[in-house]
Structure formats: C-alpha cells, structure tokens
Amino acid sequence: MSKFFMLLVGMSLLCNCLFAQTHYELKGVVVDEYNEPLPGASVFLYPIEKGTTTDAEGAFVIDKLLQGTYTISVSFIGYKTLTDSVKISEDQLYHVQLSARVMSLNEIVVSDNYIEARKKDESLNIEIVNDDYVKQNMGGSLMSSLERLPGISTIEIGSGQSKPVIRGLGFNRVVVVENNVKHEAQQWGADHGLEIDQYAVENIEVIKGPASLMYGSEAIGGIVDMNNRKLPAKNTFGGTVDLTGKTNNDLLGTSVSFYGRKKWFFGSLRATIIGYGDYKVPTDSVDIYSYRAALYENRLRNTAGNERNLHFSFGMIQKRFQSKFYVSSVNSKSGFFANTHGLEPRNVDTDLHDKSNRDIQYPYQTVNHFKVINTSFYRWEKLKLEFDLGFQRNFRQEWNHYVQHGYMPATFPDTLDFNPNLERQFEKYVYSGNLKFFYDFSDKTRINFGVNSEYQDNQIDGRGFIIPAYNQFQIGGFAYTKYSLTDKSLVQAGIRYDYGHIHTEEYFDWFPSPVIENGDTSWQYLQRAANIERHFSNISWSLGYNYNSAKWSLKANIGKSFRMPIAKELAANGVNYHRFSYEVGNPDLSPEVSWQLDAGLEYNSKKFAIGLAPFVNYFGNYIYLNPSSDHDRLYGNGNKVYYYIQSKVLRYGGEVHAHYELVRFLQVGLVGEYVYSEQLSGEKEGFTLPFSPPPSALFNIKYQRPINKVIQNMYFSLDYRITAAQNNIVPPEEPTDGYQLLNFSFGGDLLLKHQKVTISMQVRNLLNTKYFNHTSYYRLINVPEPGRNFIINISFPFTGTINKKKK
C-alpha cells in the first residue's frame, strides 16, 4: 500500500513538472531618440524565434513564455538594431529606445535590419527600398528610380514613363502590386507607362524570379510590390511638402501630403502637380531609319507633359482588427515624339512644335487611372485573416490629326460617332479580390493558404485598331508553408492551381477595302478580329531552402510557373504607329510555362559584404513578336509585318554585389549583372530575345556622416556605370555600343530650429555623354538617352499632437 502511495505521489509530481509549467508575458514600448513611438518595429526572441511587431503606439506583447534567459532583437527601418539579453522569471516590462542609423553599409540597396530579416525569410532573391531611396535616386519615373538595384532595368518611353524589367523580362511578365492589389493598366503596349505617383510610395519590394505561387499568371518574371505601411501614432498629425526640379526637361513638381489620427481612426491626403517640357539629348539630330530629323536646341519635340494626382486614405485601427481604404486618381497628359509617331515622320510642322518646349501638340495621349482599394485583417492568437478588394478604371486616349492611309476616305465621314482625331481609346475596368490565411501551427511551422481572383473588361474606340475589346477572368488558390529545421535554416514549399478565361470581341473596319475574288473586285468592311474564346489552367509549385548564420546566408529555390496569353498576343491585327510595324496575333498560342532555379550566397561582416545571386530559367513555349518578310499594303505605307510566335528559350545569368567600409563614414560598393538568353527552336533559333539587357557594372563611393546638430546625415555619392556593348541581338534590333556614365549625388538633413528639411541633389549623366540604351523603347529609331540633368528634391516634413479636450 505504501509503495502504491509513493508511486502515486511521484507520478503527480512528474505531471506537475510536465504540464503545469508557468507561462509569462513580456511587453513594452519601442520609441525613437525623441521618445516618439515606432509602429511596425520587429521584436524577436531567440532561440525560440518567437516575435511580433509593434502596434501604432509602439507597443508589443509576447506571451506564453517559459522561464529562462532569451536574446531579444528589436529592429526598425532606418534605425540601429538593439540586441540584448532578457531573463524571464515573471511578467516583465521592457522598454526600448532605438537610435537612428548613421550609415547603411549596403549603400547600393538602401538596407536595414528589417530588410535583412525579410531577405532571410524569402528563398527568392529580393531587393527592398524605402521612400528615402526614391527621393535620393529620383528619375523620370518611379521605375527608372529603381535601376540602381541589381538585376533591375527599365524600358524607357521618353523622360516621364518607363516599364520595369527584371532579369531581362518585362511587359506582362512582371506584376506590379500596390497595397496588395495588382496594378492593371494597358501595360501590353510598349509605349504605355505605369500610372503611379512616385511621391505616394513608401516601401518597394522587388522579387526577382517567378512568383506565380502568390500572384498567379504574369508574375512569371518577378514582382514590384509597393506598400504604404506607415501608421500615424495616436492623437497626432503631420505631413510633407516635396518640391522637385529638373534641368533637362525643365520639370517643376510639388507634392503635399497631410495625415492625422484620433484614437482608432486615421486619414491622409496627398496632391501632386508636375509639369515638364521637351527633354534634351546630347545630339542635334536623330536618324529615324533612312530619314535624319534635325532637333531644335537638342530637344525631342513634343515630349512635354504634366501630371495631376490625388490620393486619399482612411481607416480604423483596433487591437485585433485593422482596415484601410485607399482612393487615388492619377492623371497625365504627354506628347509623343512628333518625328516618330504616325506613318510619315517627315511631315511634321517643326515651326509649330519648336515655338515652345512646354506645349503639348498632336500627337499626344491622356490617361486617367482611378483606383479604390480596401485592405483589412483580423488577428487571433495563432491565426491571421487578410482580405483585399480592389476596383480600377484605366482610361487612355491617343490623339492625332486625321490622316488618310490605306483605303481610309480622304475626308472623315460625319456619320461616325467618334472624333476623327481620336486615334485610339482604351477603357478598362478591373475588379480584384484576395483572401489569405496565415496560421502559426507551431513555433517552427507557419502555413499560408488563400485564393485571389480578378475580372477585366477592356473596351476600345477611335479610328485606329490594334487589339479588340475583351474580357478576362482569372482565379487561383494556393497553399504555402515554412518550416524551421533549426534556428539557422528553414524550408519553404507551396503549390497553386490557376484557371483563366479570356474572350475577345470581333471587329470590322469602319471603312471598306477592295477584295478580289475570282477576278472580281468588291468593297467590303474587312474583319480584323474574330470572337475568340480560350480557357487556361495550370498547376504551379515552388520549393525553397534558406540557411542563415551570423555572417553567411545561403538560399535556393526551384519552381514552375506559367502565364496565360494576353489579348494582344492572341488577337492583335493593326499598325503600331510608334514603331512603324504591323502586328498580328495568334489565337492558338499556348500559355507560357517556365522552370527556374534561383540561388543566393552572401557574406556579411561589420565592414565588408559580398553576395552572388545566379539563376537558370527554361521556357518551353516563350511568346514573342517575330518580324517576317511580309509587308502591310492595306493600312499603311508598307510596314513590316510582325507575328506572335512561340519558341523554346534558355536563360541564365545573375547578379553580384559587394561593399567595403574603407574608413569610418566612407565606403565603396559594386553591383554587377549579366543575363544570357537563347532561342532553342523556331525561326529565330540561336538568337536571343528582344530587349535583352547587356552586361553592366556599377561602382559607387559614398561618404556620409553627421556634421553637427544643424546638418545631419550629410552624404556625397559618385556612381560610375560601365555597360558593355550588346551584340547578341534578334532582328530587327541593331547592335548597341557600350558606354560609361558618371552620376553624382549629395544631400542631407537640416535642422532649422524645430523644422527638419531634407535635401537630395543629383547630377545624372555628369559628362553629358551621348549613348544608346539597348532596352529603350526609342532604341530602334536611334534616339539617344537624355543628356546632363540636375535634379533637386526638397522635403519639409511636419508633425504635431492633437490635444485632448479637458473635462
């Protein structure tokens, strides 16, 4: 009996030890050097790798902690990471004050510990920048401001528009995301830019490589993800006044923002106004095929433009629930280079265009992009639910004087219901929805799953035709998990199923053309597009591995992704007035399927860092526009006909980056990139792909230090870019000579009494070098890149406190 009693007591004590362990709570507040809260700061405990982010008041809570000693790491963008030991034996308060980072060692990519943590958590190669980077490197457009990042280039369309290219892939192979919703404009057109206000972007993540797993079709080349994550502290207000000037195209711009928060409700407003003139190139003429066009005062006539943008956001913040609404209207009007638009570049009224470098004459385009987005989430203890809704309307009109060509009537008939000078019109409505679940299965395992869908309706108008009206529906579901093998390594795996449907509408010419049948000629309204109904489905997958030690990091990812053909590739049948070509789609195209292997190896120490990011990519059926020996005789002046075809393609390359701190406050850096592409089948077997970027390297030296209480974060930076010649081309491209460029920038923060002023100045193309960019839209017609450009951006931030009413 006594033995049984002792056994019972022993088992009871053992159960108490195993199941009745006491849990504790660690909570606190993270503030800056001025004791202002830092919302969104990351707080992590090691070795259990349990963490959270601070709320809008800088507060954090980590619960269910066992007794013991932990290492705590607190980081925030632009601030030095705090690492400390904390002993938990009871509920504990831990307050943190972070100090601003004096200098980022990784200068080429604006970096901080949040970015380092994000990179360690992603098996694909990723680059992250914030709004400070954008202001310090402001180019003609937001995408051109990203060109200093490794593996990122742009297809330039004049001085104010560009498209992102990631490792040689662009157009509809790169997804642009704004506040969790895919940005949908008319990006199928080589001459169409992205309607995004670069003043309104706070954080940009660029994922290099196929990201179809999370975003579906069209993310086959990568993602440019833009988010506005900043939340104002409770009972505060503030804003920024930005002033920008550029000498090359006489740009003047201003953007004013204002935000405020009262307890749980917040709102913000931003207005942007920009005006610019014709931009200058370092030459007095350009050779447009066989015609040499003289330039007045080195300006590309009729490339002036303006922007008028308005943004409004509001939302609510609760402990477990948060919802934000974003409303924006981006409006632009810009001219087309008069000598390169239409069917006859010689017939240009140069006297009219050269009277003023700021007026906008025919031909020109107007674009309005209206967007409403709601992003919300609800958080439980281990489960987080996110849902996003989006509505977009993109309205684009292209205008030019009515000119008869082909069999169009000499005089425009007054019986038609559109303006004779309306060359083309596109009106797209887009409805988007995302639903995502994040579940912390354990301290080592996190599972993500969800569904996203999108419906597009695109209508056309005007006298010209290139693509038909269409509607398109896509829906996809995915599951994704991350599992920590050890405190230094993790694996990631995911799978996705996509379904897509596209319907194009038939189109007939509004004027008759002669048709010869059996020796007889009749006049008919020719059919340019037929009703096309296509359905697509696909399974994508991804498998990745990350290893991170104190100084070394290794990542690898292998996956399959796809892209369904777009309306232009299936049903185009018209003249591209900007390239003097006639483009014809193929209704039988198969969806693109891509297999890619990505890797990354980095070494980081206090003063030195180096990284290498290679990739190998194979397409079984890459879609591209192929020139033929045919010429159009019905709708233009004998333009060469291009057909959409498919071929097998092998691509490989990579990026390398390094930086070294020579002495305190002075560092040197290097970024290099290389992409090789080869068609393995089809008519152009052995050739590369269009717009393949040449190898390039960027050398940088930067000095940055605080001077005194008035002048802080002063920096001087010099870039030396070497770009190799691109002789690996596909007709009708021409080889492009290599070039060397110098860019200089300097700036800093001024504290004038209680007012902070941030000044960023650049001199781009310091030596006014004449060079050609192989990935430029204007390269085919031998237009060089812009000449020397002095750029200045001045920001006046302001903040205040909303006083509470006294009872």
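Helices (H or I, at least four residues) and strands (E, at least two) are taken here as DSSP runs, numbered from the N terminus. The model is predicted, so that local features need pLDDT of at least 70 and side-chain atom pairs count only at pLDDT 80 or more, while totals for chains, interfaces and linings use all residues. Residues are numbered from 1 along each chain as its sequence is written, and side-chain values use heavy atoms, with hydrogens and water left out.

**Largest cavity**

- A search of the whole structure finds 12 cavities of 30 Å³ or more, a cavity being a set of points on a 1 Å grid over the protein atoms alone where a 1.4 Å probe fits but cannot get out.
- The largest cavity holds about 520 Å³ of space, where grid points are joined across faces, edges and corners and the volume is the space filled by probe spheres set on the points.
- Its lining, made up of residues with an atom within 4 Å of a point, numbers 32 residues, of which Phe171, Tyr624, Leu625, Pro690 and Phe691 are the closest to the centre.
- Strand S38 (608-631), helix H6 (567-571) and strand S39 (640-663) each supply at least two lining residues, and the largest share, 5 residues, comes from S38.
- By class, the lining divides into 21 nonpolar, 4 polar and 7 charged residues, with Ala, Val, Leu, Ile, Met, Phe, Trp, Tyr, Cys and Pro counted as nonpolar, Asp, Glu, Lys and Arg as charged, and the others, Gly among them, as polar.

- His774 is placed in the loop between strand S44 (755-764) and strand S45 (789-801), and at 4% relative accessibility it counts as buried (under 20% relative accessible area, with exposed over 50% and partly exposed in between, for a 1.4 Å probe and protein chains only).
- The side chain of His774 makes polar contacts with the side chains of Thr736 (2.7 Å) and Glu733 (3.4 Å), each such contact being a pair of N or O atoms within 3.5 Å, of which, within protein, one must be able to donate a hydrogen and the other to accept it, and residues adjacent in sequence count only if both atoms are side-chain atoms.
- Not counting residues up to four places away in sequence, His774 touches residues including Phe691, Gln726, Ile729 and Arg779, where contact means heavy atoms within 4.5 Å.

**Aromatic pairs**

- The whole structure holds 35 aromatic pairs, in which rings of Phe, Tyr and Trp (its six-membered ring) have centres within 6.5 Å, with planes under 30 degrees apart counted as stacked, over 60 as edge-to-face and the rest as tilted.
- The rings of Trp552 and Tyr603 have centres 5.0 Å apart and planes at 55°, so this pair is tilted.

Conventions:
On a 1 Å grid over the protein atoms alone, a cavity is a set of points where a 1.4 Å probe fits but cannot get out, and a pocket is an open set with protein on both sides within 12 Å along at least five of seven lines; lining residues have an atom within 4 Å of a point.
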